[in-house]
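Welcome, and take a moment to look over the sequence and the model. The report below walks through some of its parts, one topic at a time.

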Amino acid sequence: MDLGQINPLLLLASLMVAATPILLAAIGEAVVEKSGVLNLGVEGMMITGAVVGFAFGVNTGAPSIGFVAAAVAGAALSMLFGVLVLYLKSNQVATGLGLTLFGLGLSALIGKPYEGIKAPTMAKWEIPLLSDIPVLGPIMFRHDPMVYVSLIIVALTWYVLTRTRAGLILRGVGENHNAAHALGYKVIRVRLMAIAFGGACAGMGGAYISLVRVPQWVEGMTAGAGWIALAIVVFASWRPWRVLLGAYLFGGISVLQLNLQAAGVPIPVEILAMSPYLITILVLVVISLRGNHGAPGSLGREFHATH
Amino acid sequence: MRVLKSLLATAALATGLAGAAVAEDKTKVGFIYVGPVGDGGWTYEHDKGRQAVEAAFGDKVETVYVESVSESNAEGPITQMALSGADLIFTTSFGFMDATLAVAEKFPNVKFEHATGYKQSDNVSVYSARFYEGRAVQGHIAGKMTKSNIIGYIASFPIPEVIRGINSAYIHAKKVNPDVQFKIIWAYTWFDPAKEADAAKALIEQGADVILQHTDSTAPQAAAKEAGNVVTFGQASDMGEYAPFPRVSSIIDDWAPYYVARTKAVMDGTWESVSTWDGIGAGMVGIGEITDAVPADVKAEAEALRDALASGEYHAFTGPLNKQDGTPWLADGETASDYGDDGLAGMSFYVEGIEAEIPSN
């Protein structure tokens with residue numbers, strides 16, 4: 001065993017890369033659930049974003065265009081879900097699962113011509129001055145732009161949800177849709193917007209896997225990341241900063257345990273392999289022990305407008 | 001997760017069967033895959049075998065498959081396939097072993113073929129390839145190519161097949177480079193590109209300049225390509241899109257002749273439960289082209305090793321070899337037996353020199 005072989009700077013850098021896809025998907029889903037809708041189609045939207053983002057990235061040579069396309073694709077797919085559950089009142093759980101199945105199949109179809117193709121490289125952003133700070137600089141300020149974008153999205157989500165009128169309305173719709181409706185708020189419109197936001201975030205999360213983390217297109221490549229994101233939302237009690245904590249914990253420990261294995265640390269591999277799940281759940285549950293952290297009151301319930 | 005995977009599998013099965021309810025006299029051959037057919041590796045090659053069956057028998061045969069079946073929940077999809085009238089079912093991952101036997105007991109008239117396992121019954125054959133022969137060739141090239149003397153190994157699950165591969169690669173790397181060191185990461189998955197990429201990156205960050213993988217996707221190849229100076233080998237499939245570098249050679253699984261022969265046996269009514277374990281000689285294991293990124297003399301040695309393994313003149317596990325704890329395993333000149341105590345089929349120990357522990361399964 002030789003822990004000196006693990007370079008902490010490289011480790012922290014790969015930690016952020018490993019966490020970003022889950023973070024993006026989870027923060028989007030947190031907003032969807034805050035509005036009272038449970039969308040289990042995260043995995044399907046992620047994988048669709050992964051393939052569409054990859055296709056656009058390869059064809060234009062610009063990963064940024066890939067990310068925009070992935071967001072649009074994820075949002076478009078989520079609108080399918082939105083129309084089904086909000087207008088046609090289909091069951092949210094079943095429709096969400098259906099969306100995942102649909103996304104997996106659709107992405108395999110779109111992705112056929114893209115197997116074995118190399119992704120365009122995304123330039124790293126070295127933030128002037130800050131990136132030159134010793135130690136901290138390389139860890140914090142030398143990443144690809146999407147890492148910063150994902151952090152900004154978390155900050156904005158927190159701000160909008162807790163500090164603005166729009167956020168208050170969204171939460172109101174999620175807590176009690178009948179009351180919100182009686183007050184004159186457009187429940188369905190608010191929810192559609194939340195679902196579109198969730199879809200766009202999941203799409204970008206998927207594209208981050210195919211354009212940055214792996215980077216290439218492989219069928220089924222999200223391999224359950226969407227389900228991890230869903231779990232993190234719940235354990236994070238639907239709070240943006242805890243979602244960030246959960247995603248970074250999970251991503252970080254996933255990478256750390258691989259490094260510890262390679263370094264030959266005398267901890268049984270089975271324990272290392274389960275540690276990302278175990279520690280993430282433990283930490284988030286312990287944080288949530290105090291206070292009221294229940295789910296949004298109308299989560300998953302069907303909304304019939306009464307006149 | 002389990003529930004979802006079985007849902008996925010059932011839905012995939014339903015779609016696969018929807019267009020296939022006609023023609024009763026056709027021989028119906030089913031395949032259960034652990035990953036998606038587009039993984040570019042393991043499942044991709046099994047599906048090529050399925051296509052070969054279709055090509056060989058045309059409209060006399062009908063094939064169906066279910067992809068991405070969870071190893072922990074395979075009974076459902078296999079049962080569905082048997083219920084839908086399949087005559088012959090190939091289950092193509094080690095983890096499907098017990099599920100295959102359980103379903104086979106309920107359907108005595110259906111023939112089953114389980115890949116890489118060791119439990120046979122009247123209507124369950126087992127078949128596998130001697131991948132460790134290919135690993136010997138890889139180990140030789142890896143030992144010659146590494147400059148840091150650190151070889152990274154992405155392992156999947158601690159089962160005999162994977163352990164044999166690690167041992168064989170290590171023995172032959174050590175033979176040509178006594179300073180070589182193996183760093184092994186257990187990914188506990190056959191297919192998860194993001195995790196495979198992370199594992200490859202962790203190994204590269206810790207100094208490995210050769211990566212061997214026993215997982216199914218091409219993600220480690222992409223990670224090596226990005227690093228720039230890291231050698232890889234195609235796993236299960238040629239992965240030729242990463243040649244000539246980082247991929248300098250590969251192990252190719254060629255299931256097609258076996259699948260065609262077994263389907264023919266069912267059609268002729270001559271099918272019997274057998275245990276097949278073929279290597280380079282029989283063509284079940286292929287060594288993909290060794291590229292020019294490998295020095296000419298190393299390439300020639302590797303090809304000579306391949307040919308000696310194929311002809312049977314050399315065995316990949318030839319003594320003197322000790323187990324990891326120093327106890328003798330094979331005496332000078334002795335070769336490992338397939339079965340029995342310390343046989344290859346149930347291999348559960350590392351050879352001497354590997355500094356790591358095998359996790360309990």
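## Strand S10 of chain B and its partners

In S12(B), B:Gly286 is the bridge partner of B:Ile252. S10(B) (residues 247-253) and strand S12 (residues 285-288) of chain B pair in the antiparallel sense over four bridges; two strands pair if DSSP finds at least two bridges between them. Helices and strands here are DSSP runs, numbered from the N terminus, with at least four residues of type H or I for a helix and at least two of type E for a strand. Strand S9 (residues 231-234) of chain B also pairs with S10(B), this time in the parallel sense over three bridges, and B:Thr232 has B:Arg247 in S10(B) as its bridge partner.

Seven of the seven residues of S10(B) are buried, so this strand is largely enclosed by the rest of the structure. A residue is buried if 20 or more other C-beta atoms, placed from the backbone, lie within 10 Å of its own; it is exposed if there are 12 or fewer, and partly exposed in between.

## How to read the model

This is a predicted model, in which local features need pLDDT of at least 70 and side-chain atom pairs count only at pLDDT 80 or more, while totals for chains, interfaces and linings use all residues. Residues are numbered from 1 along each chain as its sequence is written, and chains are lettered from A and ligands numbered from 1 in the order in which they are written.

## Backbone details in the loops

The loop between S9 and S10 of chain B holds B:Met239 and B:Pro244. Phi of B:Met239 is positive, near 50°, although the residue is not a glycine, and B:Met239 counts as buried with 26 C-beta neighbours inside 10 Å. The peptide bond from B:Ala243 to B:Pro244 is cis, with omega near -5°.

Chain A has a non-glycine residue with positive phi too: A:Trp238, at about 60°. A:Trp238 sits in the loop between helix H10 (225-235) and helix H11 (240-263) of chain A and is buried, with 22 other C-beta atoms within 10 Å.

## An open sheet in chain B

Which order do the six strands of the open sheet follow? The order is S2-S1-S3-S4-S5-S11 (chain B), with parallel pairing. Strand S2 (61-66) and strand S11 (275-278) of chain B stand at the edges with a single partner strand each, so one side of each has no neighbour in the sheet.

Within this sheet, strand S3 (residues 88-91) and strand S4 (residues 111-115) of chain B pair in the parallel sense over four bridges. B:Thr91 stands opposite B:His114 in S4(B).

## Where the chains meet

In chain B, 38 residues are in contact with 37 residues of chain A, contact meaning that their C-beta atoms, placed from the backbone, lie within 7 Å. H7(B) gives the largest share of the side of chain B that touches chain A, with nine residues. That side divides into 20 nonpolar, ten polar and eight charged residues. Here Ala, Val, Leu, Ile, Met, Phe, Trp, Tyr, Cys and Pro count as nonpolar, Asp, Glu, Lys and Arg as charged, and the others, Gly among them, as polar.

## A buried helix in chain A

Helix H2 (residues 42-60) of chain A has 17 of its 19 residues buried, so H2(A) is largely enclosed by the rest of the structure. After H2(A) comes A:Gly61, with a positive phi near 75°.

Note on methods
Two residues are in contact if their C-beta atoms, placed from the backbone, lie within 7 Å.
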